[in-house]
Amino acid sequence: MKPEHIVSLIVVAATIVASLVFVIVYSKLVKKNKEFSWARFAARVGIFGALSTILYIVKIFEIHLPFLPPFLALHFDEIPAFIAGFAYGPFAALLVILIKSVIKLPFSSTLLVGELADFIFSCAFVLPTVFIYKKIRSIKGALIGFGVGMVIQVIVAMTLNVYAMLPFYMNLYHMNAEGMLAICQGANPAIKDIEWSYAFFAVLPLNLIKDTIVIIVTFLIYRNIRKVLHWEEKKQEPEVVETKAE
């Protein structure tokens with residue numbers, strides 16, 4: 001195994017370990033809340049994690065666009081993470097993203113680097129949005145969060161693709177810059193190089209289209225099921241009994 005591949009594996013392992021450490025630390029903090037139920041929380045996260053994994057792994061849920069290179073595809077595994085985050089907080093969203101990423105690792109064809117990149121992209125999109133919505137629980141807050149999350153994710157995706165992902169894939173598959181550029185130009189002649197031209201004419205439109213679809217679908221689904229997601233909390237709320245003044 002080449003040194004750069006070993007470094008990639010170390011980075012992936014470090015990211016997973018850091019996420020698990022965050023989970024443990026967070027769990028210590030929330031244990032102070034006696035009303036918090038880990039069993040109920042785990043069940044909820046497990047359901048949304050399973051849905052996210054299906055959308056991430058099953059190929060029939062991928063959409064390839066003719067004007068983008070064939071190795072780029074739309075996938076919508078962030079929708080369950082968004083819904084879980086809006087309903088139960090950023091910690092739930094992070095766990096859903098982590099679950100689908102870890103389950104995908106045995107099926108990796110990129111020495112786990114593709115999964116690490118997807119984990120970073122999803123966190124960059126979902127977590128800022130959910131944090132903002134947690135502070136501003138309204139349609140306005142959700143829209144602001146979506147806007148901020150989209151901008152952050154697009155910037156992260158473009159930068160990481162230019163400086164890390166494309167060089168790694170070319171090295172992994174023993175492909176030179178000319179060969180990669182030929183593949184990209186076969187789909188979109190506007191791509192003039194495999195750096196920022198690729199970022200602006202491939203990565204940018206891919207993420208704008210995907211994020212827009214994810215936002216619309218998430219908004220429509222959560223708006224219609226949010227009461228169901230919180231029915232247990234509402235059921236436990238004490239009833240208010242009005243009394244007439246004597």
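Mentor: Helix α2 (residues 38–57) and helix α3 (residues 78–88) pack with their axes 8 Å apart, at an angle of about 160 degrees. Helices here are DSSP runs of H or I with at least four residues, numbered from the N terminus. Axes are lines fitted to C-alpha atoms over the stretch in contact, and angles run from 0 to 180 degrees between N-to-C directions. The two helices, α2 and α3, are therefore roughly antiparallel, a label for angles over 145 degrees.

Keep in mind that this is a predicted model, where local features need pLDDT of at least 70, side-chain atom pairs count only at pLDDT 80 or more, and totals for chains, interfaces and linings use all residues. Residues are numbered from 1 along each chain as its sequence is written, and side-chain values use heavy atoms, with hydrogens and water left out.

Now to the contact itself, meaning heavy atoms within 4.5 Å. From α2 come Phe41, Arg44, Phe48, Leu51, Ser52 and Leu55, and these meet Pro80, Ile83, Ala84 and Tyr88 of α3. By class, the contact of α2 with α3 has eight nonpolar residues, one polar and one charged. Ala, Val, Leu, Ile, Met, Phe, Trp, Tyr, Cys and Pro count as nonpolar, Asp, Glu, Lys and Arg as charged, and the others, Gly among them, as polar.

Elsewhere, α6 has a kink of about 55 degrees centred on Asn161, the bend being the angle between axes fitted to the seven residues ending there and the seven starting there. Just after α6, His174 takes a positive phi of about 55 degrees.

Note on methods. Angles under 35 degrees count as roughly parallel, over 145 as roughly antiparallel, 65 to 115 as roughly perpendicular and the rest as oblique.
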